[in-house]
Structure formats: C-alpha cells, structure tokens
Amino acid sequence: MRKAIGIVFAGGRVEDLSVLTERRPKAAVVFGGIYRTIDFAMTNLARAGIDHVGILTQYRPSPLMDHVGTGSAWDLVGATRAVRFLPPYLGIGSSEWYRGPADALYQNLDFIERLAPDDVLAVSGDHVYAMDYRPLLDYHAEQDADLTMAFVERANDAHRFGIGELNDAGQVVAFSEKPRQPRSHLASMSVYVFRRAVLIEELRRAERGLDGTATHQIHEVLRRMMPRRRVYGWVYHGDWAYTRTLDEYHAFHRRLLGEPPAIDLAAWQVRSNTLARRAAPPPPARCLPGACVENSLLAPGCVVRGTVRDSVLSPGVVVGAGAEVVDSILWDNVVVEPGASLRGVISDKRVVFGRDCRAGEGEIRPSEEMPASLTGGSVVVGMDVRIPPGARIGRNCIVHPDTPESALAAPLNSGASVRPSGRAGGGR
C-alpha cells in the first residue's frame, strides 16, 4: 500500500482581504462562524487517512499555530500521527525566509525525506471545499503518475487561476498561470500529488537553475517538469471557493444560509479546534425575550436581545435590545449595543458597535482603498475597534484595527477608509 504525507501551504496574507489578514494569514481567517479557513484542508486530509501533515507558514503564524495546536481536532496525535509547523528559520548556511511555495518545499526536504513517503499531497490552506482525497490518490497510483493535479471547472472567471489543458488520456498537455484568454475552463485547485523522488529532483533543479534560471514558484516548477514527466489531471465536481476578495468572502457566507442552504457545512462535517485558547466550550446561544432571529447561523455563546437576519455570528457575539444586524458576518466577541444598526458588516474580533450607531447605510461607491475587492456595499471593520455611539458609516468602507473613536466622530462616507496613525500589533 502506498504511503502519502500532507503538506499545507498556509503562509500567505492575501492583501485583497484587507484588515481581515492584516494580522493573520488567510489560512487563519474565520469562516462560517466557528471555523478557520485551514480547517477545510485539514479535514480533507484527515478524511483521506493522512497521518503526517506539515504546515508551511510564514506571515504572522501565531494565530494559526494557536488554532491548530497539536492537531488533536483532526486526530493527528499519536505514535504514528502528527502535525508539524514548518516556518522559515535563519541559521548557519542555507536557510532564509521563504521566497515562494516551491522554495518553502525545498527548504523542508529534510521533513519529506525523513518520513520517506511514496507520495506527497500538497494542498493550499486558504481554499474552502470538502473533498475526499482518496480517489485522487488512487487515480495517481493507477496512472503511475509523477504528478497529478486537481482541477475544477470555472467557466466565468478562469483567467484568475492557473489553467490546465488535458488530452483524452487525462494527461496535462499545457498549463498557464492566470492567462488573459484561457484555452480551457479547468482551474487548478492548488492540490498536487507528487511522487516523492520526482518532487525532490524537480525542486533541486529549480533551486539550482538547471532549466535556465532558478525559480521559487510552484506553478513555474509544474510548467517546466511537464515535458519530461508523467503529469495527469483529475477533475473535481463539487463546491470550491477561493474567496480572495472581500466581496467573494461575503457572497460565499450568504450561500450558507437559506432552506436548504446552497452549501451545508453540517453535511461537510468540517473539523475544527473549537477549544483553541479556551478552557471550556462556550455555553449554548441564547435568544432572550424581544429577540428576533431569522435565516442566520448563531455560534455558541451568542446572546441576542435584538434582531438578527441573514447573518453569521461567531462565538460570544452580543446583540443588544433594539439593535439590528442584517446580512452581516460578526467574528468572536463582537458587541452590538442597544439601538445600533448593522447592514452588510464584516467585523473582526472584539469590535464594539456603540449605541445607536449606523453602519452600512447610504449609496454604494467602490472602496477607494480596495476598488477591486470591495464593491458590493459591505462595511469591513478590523479587530479591537470601538465604533462610538451615534456614529455613521457608509457602504464599502474599511475601518482598520485599533482606529480610535475620535477618528469616527464625523460620518465616514461610502467608499472611504480610516486607520490609526501608524500603530502596529499582534492579534489572534
């Protein structure tokens, strides 16, 4: 029986998510109320029976490390099972910050060689999907492939992804990264199964520039190896989201609602470390007299006295009497004080919306700061902000972490952003 290990690419920030990734990698972004984005890749790996997983991380890794912990939530603890974080390190000789996904793999060849698997299953930690990798691994073995790439059909926005072309035998005959005019609709899922020996040889070739120039990018390694290797494509038929922009992040959450929901996370059976940084699980959500909750997801620990509609609330969110939360995504421990009105708000952790404030009202103007990412009218608020009582915030606005109340004393017009004066810090 062939042995495979898992590698998760989880180091990137994704600047198009603005304040949501200002202090965490995208893999640590909250999704669906109680999950982090990496949970989907970790669950898929656990479902496939992968016993060893290495997580490649670089940008502000602490929130991700706190969340994954020992890997017990995915049953990756034991004498023959483990999860290991693989951050870059500075030392004597050959180590430095990761310069790209291929370089990250190259710097951790010792991890791969020590475990000596037949195959290496490398996946992105910032995509949202439920997939059993076992049929993919079986197909890889049946084809005696050196590399098998997973693809998904994207008819409307294929130009945003790496695009593959397959022949009748399923072999990848061409691959291009974000082509302006795609020649197929098969988008790479950033899910790769490599024969271990081939991966090691190709990474060394890339590092030494044996194909002309050195490269640290995985898509370039893939393109170079195709003429001399057995490369196959495997097409996945199911929901898959990249949620690279704020608009996409909000839109995908809307698909979690409704009856039945377009995407049923309960059916996906996603595993998560719900006890990360907690001594005990939060109590059940409470809807008190006067509360009205419609078409929403409420995590444990929420307390609702006002109105919540078409929204997703993470643990510990409090909605005061007379407050209204509509079409919003509120992360852990957000407080909506009495009389406040939130429409289309995406809020990071520990934000307080003051009494009688209004967020998400007025005309729609594209965000001045993120014109390609924020166009649909959402208001995005970074962690640890207090919106003052009576404040007025328009649509497509961004409020950066730690912005003082005084900066929001005047109305924030649609499309505008506000930030503190140069203060930085860590976060979870």
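Is Glu248 buried, partly exposed or exposed? Glu248 is partly exposed, its relative accessible area being 23%; here buried stands for under 20% relative accessible area, exposed for over 50%, and partly exposed for values in between (1.4 Å probe, protein chains only).

1. The model is predicted, with local features requiring pLDDT of at least 70 and side-chain atom pairs counted only at pLDDT 80 or more, while totals for chains, interfaces and linings use all residues. Residues are numbered from 1 along each chain as its sequence is written, and side-chain values use heavy atoms, leaving out hydrogens and water.

2. A salt bridge requires a side-chain nitrogen of Lys or Arg within 4 Å of a carboxyl oxygen of Asp or Glu. The count under this rule is 32 salt bridges.

3. Glu248 pairs with Arg160 in a salt bridge, with 2.5 Å between the closest N and O atoms. Arg160 is in the loop between β8 (147-153) and β9 (162-166) and Glu248 is in helix α8 (residues 246-254), so the pair ties together parts 88 residues apart in sequence. Helices (H or I, at least four residues) and strands (E, at least two) are DSSP runs, numbered from the N terminus. Arg160 is partly exposed, at 22% relative accessibility.

4. A salt bridge also joins Glu220 and Arg223 (2.2 Å, N to O). The two residues are three apart in helix α7 (residues 218-225), a separation of about one helical turn. Glu220 is buried at 17%, whereas Arg223 is partly exposed at 42%.

5. A network of salt bridges links Glu201, Glu202, Arg205, Asp211, Arg228 and Arg229.
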